Amino acid sequence: MKSVNDTMGHLVGDFLIRSVANMIGEGRPRETAFRLGGDEFAVIIDGVTTADDLTAAAQDVLHRTSGSVTVGLDTLFPSVTLGGALFGADGVEANTLRQNADFALYHAKETNRGGYVQFRPELRTSIVDRIRAIRNVDAALVEGRITAYYQPIAQLASSEIVGLEALVRMTDPQGAVSPAGDFAAAFSDTKIASRVTERMLHQVASDIREWLDLGIPVEYVGINVTTGDFQYGNLQAKIEACFAKQNVPLKHIVLEVSESVFMGGSDQFVAKAVKRLRDKGLLVALDDFGTGYASLTHLISFPVDIIKIDRSFVEALTNGKASSVIVAAIIDMANRLNMRVIAEGIETIDQERQLSELGCQFGQGYLFGKPVSATDIRELLLEQHLRAHTRSGSYPFWL
């Protein structure tokens with residue numbers, strides 16, 4: 001409804017709501033429809049005793065709301081999303097039934113827009129967990145407990161650190177540090193995801209400035225971005241503001257975009273946003289390559305400088321020939337497209353050796369170092385810089 005109100009005005013929006021209300025409430029003696037507010041409705045259906053009955057009723061509502069609505073010279077095609085709860089199986093009190101139907105609707109909006117989802121007990125658990133994660137991250141942002149940890153990216157031939165990836169970490173009030181996977185559910189809230197990215201940008205810019213001032217010639221730091229960052233539409237402004245404040249050139253950033261982010265909005269919208277960032281001097285890495293829906297297609301339409309081979313291919317190297325063939329093909333393709341390749345999840349010397357033999361030059365994983373705090377990575381970079389300077393007076397730039 002927001003897009004209709006914004007583009008066509010509230011009068012058209014109100015007319016559309018009335019039209020959909022008439023579709024929902026038309027000629028069904030066993031159904032009583034209510035408008036709860038905005039564009040949300042509730043339908044109470046008498047005589048429904050089984051999940052199949054409820055599904056059939058929901059499909060009937062979807063069917064009769066699938067038509068078009070004409071407003072003046074414009075024709076609109078409304079889309080209705082439904083969540084349902086069954087009296088008895090899903091509760092007997094009105095408040096419980098409504099809450100469970102809301103949980104189902106929430107899930108339907110995330111996973112099956114334009115369709116129907118019936119309440120299941122696990123939906124309550126997952127949504128409550130998500131809400132808790134959102135609240136925890138929100139509090140951590142306010143209290144300054146969201147920080148960047150850094151994992152080395154190494155040159156396989158020498159094991160020298162040639163880049164870093166900034167990874168988000170949350171410290172709880174007792175001082176325990178949690179990886180992003182423990183609170184990833186919070187990133188379903190695009191506002192929270194965008195605020196976390198902004199916090200990371202501020203810290204990474206500040207850390208790079210400190211390293212450069214210490215004479216450490218760090219070249220690139222990878223920063224992960226989310227669908228929410230693109231949806232908010234101000235990612236470029238945030239990046240430019242954060243790095244300009246620290247007087248750090250944008251060439252020091254690698255923007256890491258996973259395929260799920262790429263698929264999270266319209267292809268052209270994300271691709272155009274990334275192209276504008278690349279025009280400012282940033283590099284772009286396609287993260288977790290090979291695990292999505294159409295990676296090869298994306299290489300045609302998506303501006304990429306670096307491909308990061310997903311850890312699942314690295315783990316499978318010792319299990320047979322298939323993974324080696326795939327990794328070799330990715331490396332060869334990237335070389336022909338003038339892209340760099342980083343293999344993720346390297347944990348053993350044998351994996352490092354196999355990747356080197358396949359032509360991979362750069363890697364990331366516990367073999368080279370776990371994610372550590374900015375203080376710890378600074379000491380590691382200083383150590384390496386002093387060794388490199390003593391040995392040759394140079395530093396191994398990677399691109």
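Predicted model: local features only at pLDDT ≥ 70, side-chain atom pairs only at ≥ 80, totals over all residues.
**Stop 1: the largest pocket**

Select F41, A42, V43, L82 and G83. Of the 45 residues that line the largest pocket, these are the closest to its centre. The pocket holds about 1400 Å³ of space. Next, colour the elements that each supply at least two residues of its lining: helix 1 (2–8), helix 2 (10–25), strand 1 (31–37), strand 2 (40–45), helix 3 (51–64), strand 5 (82–84) and helix 4. Helix 4 gives the largest share, eight residues. Coloured by class, the lining of the largest pocket shows 31 nonpolar, seven polar and seven charged residues.

**Stop 2: helix 4 against helix 5**

To see the contact, show side chains for Q99, N100, F103, A104, Y106, H107 and E110 on helix 4, and for L123, R124, I127, V128 and R130 on helix 5. By class, six residues of this contact are nonpolar, three are polar and three are charged.

**Stop 3: the second largest pocket**

Move to the second largest pocket, with a volume of about 1200 Å³. Select A180, F187, N224, S258 and D288, the closest to its centre of the 45 residues that line it. Then show strand 8 (161–171), helix 6 (190–213), strand 10 (221–224), helix 7 (227–232), strand 11 (253–258), helix 9 (259–263) and strand 12 (283–289), each of which supplies at least two lining residues. The lining of the second largest pocket has 17 nonpolar, 17 polar and eleven charged residues.

**Stop 4: a salt bridge**

The whole structure contains 20 salt bridges. For one of them, select E240 and K280, whose closest N and O atoms are 3.4 Å apart. Which parts does this pair tie together? E240 belongs to helix 8 (residues 235–245), while K280 sits in the loop between helix 10 (267–279) and strand 12, so the bridge links parts that are 40 residues apart in sequence.

Definitions and conventions: Residues numbered from 1 in each chain as written. Heavy atoms only, no water. Contact = heavy atoms within 4.5 Å. Helix = DSSP H or I, 4+ residues; strand = E, 2+ residues; numbered from the N terminus. Nonpolar A, V, L, I, M, F, W, Y, C, P; charged D, E, K, R; others polar. 1 Å grid on protein atoms, 1.4 Å probe; cavity = no way out; pocket = protein on both sides within 12 Å on 5 of 7 lines; lining within 4 Å. Points joined across faces, edges and corners; volume = space filled by probe spheres on them. Salt bridge = Lys/Arg side-chain N within 4 Å of Asp/Glu carboxyl O.
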